[in-house]
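Keep the sequence and the model open while reading.

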Number of protein chains: 2
Amino acid sequence: LPGSLSEIRTEVLRQVRPTAQDRARQEDISRSILERIDLLARSRGLCIRAILVGSASRGTWLAGDHDLDIFLGMPEGSNLGDALDLAREVAPEHEEKYAEHAYVHAFVDGFEIDLVPCYLVEDASRLMSAVDRTPFHAKYVASRIAGLEDDVLLLKQFMKGIGVYGSELKTGGFSGYLTELLVLSYGSFEEVLMKACSWRPGEIIDLEGHARVRHKEPLVVVDPVDPRRNVAAALTIKKMFQFVTASRCFLLGPHLDFFFSSAIEPLSDEELLMYVQERGSNFILIEFQAPDVVEDVLFPQLRKAEDAVKALLDRYGFSLLRSDVGSYGGKAVLLFEMDVWQLSKVSRHSGPPAWEAEHLGRFLEAHPHTMSGPYIEGDRAVVEIPRRYTLASDLLACEINGLSLGRHLTGAVRKGHNIYVGKELAGIKEKDFRIFMARYLKARDRIC
Amino acid sequence: LPGSLSEIRTEVLRQVRPTAQDRARQEDISRSILERIDLLARSRGLCIRAILVGSASRGTWLAGDHDLDIFLGMPEGSNLGDALDLAREVAPEHEEKYAEHAYVHAFVDGFEIDLVPCYLVEDASRLMSAVDRTPFHAKYVASRIAGLEDDVLLLKQFMKGIGVYGSELKTGGFSGYLTELLVLSYGSFEEVLMKACSWRPGEIIDLEGHARVRHKEPLVVVDPVDPRRNVAAALTIKKMFQFVTASRCFLLGPHLDFFFSSAIEPLSDEELLMYVQERGSNFILIEFQAPDVVEDVLFPQLRKAEDAVKALLDRYGFSLLRSDVGSYGGKAVLLFEMDVWQLSKVSRHSGPPAWEAEHLGRFLEAHPHTMSGPYIEGDRAVVEIPRRYTLASDLLACEINGLSLGRHLTGAVRKGHNIYVGKELAGIKEKDFRIFMARYLKARDRIC
């Protein structure tokens, strides 16, 4: 249903604004946890201040999200281990995670709760770690966002709908804090979209006018609480411009679809084979057990591995149409679609200039058996010799174990991997793989 | 049989130095023609001076060559048509040819004779045409070459043996006059070879130290009789460095083979098919009736056509290993050996930056039906669309008639042509074609 901006605004908010009941429930639970922490801290004689941070702290969470981020602040110099112990007791059933410090993650009354020890520093210039910055973010946004909460909700949902929301490294999109700063900076949801239409790589937004450092990322949003930090550092140029073009399309033809995209259906065998046939390209998939690391560690390594394989293919004369990486059900995959995957058995090697007698001698010694040549072309000697790999898939099968693919991946690939070529892809039945392929093959962004 | 330089020198000269009998016969015939011209000129009251030029005029012709170049010199302002008429009468059975002026070519007593009208100018600065320069060359060399004739013969035969002798455009090698100047410049056959070992592109030889013009050719030998002219203008960089490397090899291991290379045998069907199979490449041959022009007109056009087809193949994403042109039995051929001849059915087109709304709109309008996309990559829009030609041979079959291949060739190709792909080459049985392919496939120069 297309419609006027204000109708769409109303309808989206009806769906994503937490109800009064949602809010009351969230407040009850967070208050009870904060009180529990205060009590325990007092009983142990610890100086710990519990602070609710994140979107829950400022009414900018989307209905259906049940995340509570609670920081356990201690004075500088304290032992954060005491706060961690306390967090363990607050949520006896938990798992421990690790960002810059260890923290506790638990599931309580339907809420996902992070309990994160941190230092309470006097001012942001004395930050010890990224974690310590969060309470400053909470304070900065909470004191300014009143009246703009709906605009933040609209922007977050718009970004979700077009697939650019989330600053985890797999996505490389916009963080919640970044959406809040965009709304604070431009004044409304619609203004953010309008301003984004004229963004270019290197765009700088500096609410406090206190930028101190040059950044090389495509979008720079200077952190109001830390002039050296770019809040948009994790945003990729691709996600930035997916947002730019979707904003332009939306303003030209507003529609609810931008906010609520339909789920991607997995490809059937027939569909997958039809695509392989129709594209007449050469798909090569390398599949292996994903190493036991979080996605924020896995995905940057997968992308580095992708680049290493691309360079290998290029070095041997093959040509890539497109590639992608993914993970599903404990496996990781590197997908390469070749537009040139077969080469002649003979290959040419150009030698040194004909007047460089010494170089020439070494070149000829290195190629004692030629298929043609040595002959002169221009002012150089050329030989034609057998090509080592005439098929891209042979090259990968033989050389993948020798590539340096990154800390966790090199070992994971060497431990064992499968290579699927062309129609063999249809042998992989996992639903998440078929969704990964659908996303790859139907790739289409909102551009107009 | 390898051997000492002096043994080889002696043996080569034994084979290529005209005998006393050869010389006597040549002198008899040229004298009788010169006298005939003088007589006829006097009887007609024409002021014509007959001059023997070329290698016959200075004892630097190779045994077995029976060429006489006789120029019919007239004062400036005369009607060269009178000299042409006279030449026709001197050799009643002749054909007429055309370089810068018309001239007469005849076969008399076993000699090929050119009778060329020209102007006798006072000094070379007043040259009317290239033809008028020839008598100056004859005079310059004749007055200096005495005692070095054997060195010229050795150098010519060496160049013949390694395939770099002949300044016609098909060969692009060294002219007879150029070999004489090299010997005059460096002093002996061996010295020419030694000096050539250190030639580089841009080498300049200026016997009279009177160069006036910059030339862009790889070897510049300033004409002693015309400071603006490069005697080596027709020498290709390839032939120059074939000579350089062969010279180096010969000095390292002198051998008679350098002077007398064995003839190239035509390939049998089996050999040709074996090469096609072994190289695992894709041969595409375009064959058509050669236009009725001399080789000096045909070959530059064939090479331009070769370049035009190369550019076409490249533009469509195919990749060439090597190519060649040739002609045999009234036909001309363009040969292309591809190392990439098949591409995916889908192709990528990168559009304008995502922030250039107008360009982007036009780009999307131009690609209404995509196989994937439009999607964002980096800061640009990309579409994937069907590729027009997935096979190099299809591209050539469809587009060759639309190419601009040069004055005589465009029409010749459009009138009709055959395209042979891969093993179909074995369907061409002409011996000269099989020699052309042998030369291509066994390509090997003397390099060490």
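## Conventions

This is a predicted model, in which local features need pLDDT of at least 70, side-chain atom pairs count only at pLDDT 80 or more, and totals for chains, interfaces and linings use all residues. Residues are numbered from 1 along each chain as its sequence is written, chains are lettered from A and ligands numbered from 1 in the order in which they are written, and side-chain values use heavy atoms, with hydrogens and water left out.

## Symmetry of the two chains

Chain A superposes on chain B by a rotation of 180° with 0.1 Å of shift along its axis. The RMSD is 0.1 Å. In chain A, the C-alpha nearest the axis belongs to Val340(A), 3.5 Å from it.

The copies meet through the same surface, because 100% of the interface residues of chain A are also interface residues in chain B. Contact here means heavy atoms within 4.5 Å.

## Disulfides

A disulfide is a covalent bond between the sulfur atoms of two cysteines. The rule applied is a pair of cysteine sulfur atoms within 2.5 Å. By this rule there are two disulfides over all chains.

In chain A, Cys249(A) bonds to Cys448(A), with the sulfur atoms 2.2 Å apart. Cys249(A) lies in helix α8 (residues 237–252) of chain A and Cys448(A) in the segment after α14 (431–441) of chain A, so the pair ties together parts that are 199 residues apart in sequence. Helices are DSSP runs of H or I with at least four residues, numbered from the N terminus. Cys249(A) is buried at 8% relative accessible area, while Cys448(A) is partly exposed at 29%. Buried means under 20%, exposed over 50%, and partly exposed in between, with a 1.4 Å probe and protein chains only.

In chain B, the disulfide joins Cys249(B) to Cys448(B), S to S 2.2 Å. Cys249(B) sits in helix α8 (residues 237–252) of chain B and Cys448(B) in the segment after α14 (431–441) of chain B, so parts 199 residues apart in sequence are tied together. Cys249(B) is buried at 8%. Cys448(B) is partly exposed at 30%.

Cys47(A) is in no disulfide. Its nearest cysteine sulfur is that of Cys118(A), 12 Å away. Cys47(A) is exposed, at 54% relative accessible area.

Cys197(B) is also in no disulfide. The nearest cysteine sulfur, that of Cys249(B), is 8.9 Å away. Cys197(B) is buried, at 17%.

## A helix pair in chain B

Helix α6 (residues 176–186) of chain B packs on helix α7 (residues 189–196) of chain B at about 90°, axes 8 Å apart. Axes are lines fitted to C-alpha atoms over the stretch in contact, and angles run from 0 to 180 degrees between N-to-C directions. α6(B) and α7(B) are therefore roughly perpendicular, a label for 65 to 115 degrees.

Leu182(B), Val183(B) and Tyr186(B) in α6(B) meet Glu191(B), Val192(B) and Lys195(B) in α7(B). By class, this contact has four nonpolar, no polar and two charged residues. Nonpolar covers Ala, Val, Leu, Ile, Met, Phe, Trp, Tyr, Cys and Pro; charged covers Asp, Glu, Lys and Arg; the others, Gly among them, are polar.

## Glu35(A) and Ala50(A)

Glu35(A) belongs to helix α2 (residues 20–44) of chain A. Glu35(A) is partly exposed, at 45% relative accessibility. Ala50(A) is 15 residues from Glu35(A) in sequence and 8.3 Å from Glu35(A) in space, C-alpha to C-alpha.

Technical notes
Helices (H or I, at least four residues) and strands (E, at least two) are DSSP runs, numbered from the N terminus. Angles under 35 degrees count as roughly parallel, over 145 as roughly antiparallel, 65 to 115 as roughly perpendicular and the rest as oblique. Copies are superposed by least squares on the C-alpha atoms of residues with pLDDT of at least 70 in both.
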